[in-house]
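Please read it alongside the sequence and the coordinates.

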Amino acid sequence: MRDYKHVKVPKSARLKRDRVVRKRVTAERSGKKRGTGGSGALWTVLVFVILAALGYGAWRGYQRVSRAEVFQIVGVDVNGVRQVSDGEVRALAGIFAGQNIFRVDLDAAARKALANPWVRDVRIERNWPRRIRITITERAPRAVLQAANGRFLIDRDGVVIVPAAPANEAGLPTIAVRDYRAAAGRALTGDGVAAAFELLDQLRERGGWDQAAVTVKADSAETVAILYADHEFRMGYGNYGEKLRRLGEIVADMNQRHLDYTCIELRPERQAAVMIRGQGSGVRRQGPKRRA
């Protein structure tokens with residue numbers, strides 16, 4: 001058998017292989033494109049007309065509701081009133097008389113209420129369908145202010161409320177501020193008043209002091225002093241707990257020695273000065289006691 005393995009075949013006699021030819025064809029739709037401008041504009045106009053109709057309907061509905069007698073206010077409930085007078089309460093409630101509950105101006109009513117110096121905070125709400133609810137938080141007098149133009153009640157924030165009278169200042173301590181002219185609704189400024197309230201809090205916490213007989217001089221924080229039972233205790237600023245403890249020790253020592261004193265100076269941190277009244281009056285200084 002003859003071996004044809006190494007026989008060369010001429011190129012002309014070789015079989016041609018089929019080649020796959022790939023062509024990229026871009027297909028386009030035949031005919032003209034559809035026009036969209038006319039229908040888009042029509043839809044825009046239609047949507048605008050629908051929205052306008054809905055808005056007009058809502059406005060007409062609001063007009064009907066806001067004028068309907070079924071929503072006319074028939075009453076006002078006022079809570080939290082003790083010091084505000086009946087006449088002032090009626091004047092505040094009169095703002096809502098005959099008004100529609102949808103159209104009433106709650107902010108204007110709140111401003112009118114806050115103009116009263118007794119009112120610290122107010123909340124006004126619609127109580128559907130035909131009532132208004134007013135909740136008032138009043139100021140609580142904490143002390144009597146002795147000012148250049150008279151005596152006034154003040155709250156814990158130092159806001160001047162009303163002029164003081166024997167009926168409304170009973171049991172309250174006094175804060176004296178020289179050369180200050182008070183006005184209702186205005187808050188006192190200055191660190192002396194804040195220091196005076198801090199000192200009064202310490203006196204109340206310790207007990208044993210008749211608050212109505214206490215006067216705190218509060219021209220400035222550095223000159224804060226207590227006037228009590230014909231005595232003056234010069235406290236200065238801060239550290240009132242420790243100073244009151246020292247004051248108690250000094251007063252007990254004076255009473256034990258039967259010494260009549262007019263003033264005790266406690267502003268120095270480590271030494272107190274006592275002014276003795278009467279014959280041979282002078283100043284006694286007491287320093288810290290040494291432990292045995």
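## Salt bridges, sheet and cores

Lys217, Glu232, Arg234, Glu265 and Arg267 are linked in a network of salt bridges, a salt bridge being a side-chain nitrogen of Lys or Arg within 4 Å of a carboxyl oxygen of Asp or Glu. The model is a predicted one, in which local features need pLDDT of at least 70 and side-chain atom pairs count only at pLDDT 80 or more, whereas totals for chains, interfaces and linings use all residues. Residues are numbered from 1 along each chain as its sequence is written, and side-chain values use heavy atoms, with hydrogens and water left out.

A search of the whole structure finds 18 salt bridges, and the table lists some of them.

| Asp77 | Arg131 | 2.8 Å |

Asp77 is partly exposed at a relative accessible area of 27%, and Arg131 is partly exposed at 32%, where buried means under 20% relative accessible area, exposed over 50% and partly exposed in between (1.4 Å probe, protein chains only). Asp219 lies in the loop between β8 (215–217) and β9 and Arg178 in the loop between β7 (174–176) and α4, so this pair ties together parts that are 41 residues apart in sequence. Glu242 and Arg245, by contrast, both lie in helix α5, three residues apart, about one turn of the helix.

Strand β3 also belongs to an open sheet of three strands with the order β1-β3-β2 and mixed pairing, where two strands pair if DSSP finds at least two bridges between them. The edge strands, each pairing on one side only, are β1 (75–79) and β2 (119–127). A hairpin joins β2 to β3 through three residues, and these two strands pair in the antiparallel sense over eight bridges. Among the bridge partners in β3 are Arg131 for Asn127 and Ile136 for Val122.

A search of the whole structure finds five aromatic pairs, for which rings of Phe, Tyr and Trp (its six-membered ring) must have centres within 6.5 Å, planes under 30 degrees apart counting as stacked, over 60 as edge-to-face and the rest as tilted. Phe102 and Trp128 form a tilted pair, 5.2 Å centre to centre with 50° between the planes. Phe102 lies in the loop between α2 (86–93) and α3 and Trp128 in the loop between β2 and β3, so the pair ties together parts that are 26 residues apart in sequence. Elsewhere, ring pairs link Trp209, Tyr228, Phe233 and Tyr261 into a cluster, of which Phe233 and Tyr261 are buried.

The largest nonpolar core has 39 residues, and those with the most contacts inside it are Leu145, Ile175, Leu199 and Ile264; such a core is a set of buried Ala, Val, Leu, Ile, Met, Phe, Trp, Tyr and Cys residues joined through side-chain atoms within 4.5 Å. The largest share of this core, seven residues, comes from α4. A second, separate core of 23 residues includes Ile101, Leu106, Ile132 and Val144.

Conventions
Helices (H or I, at least four residues) and strands (E, at least two) are DSSP runs, numbered from the N terminus.
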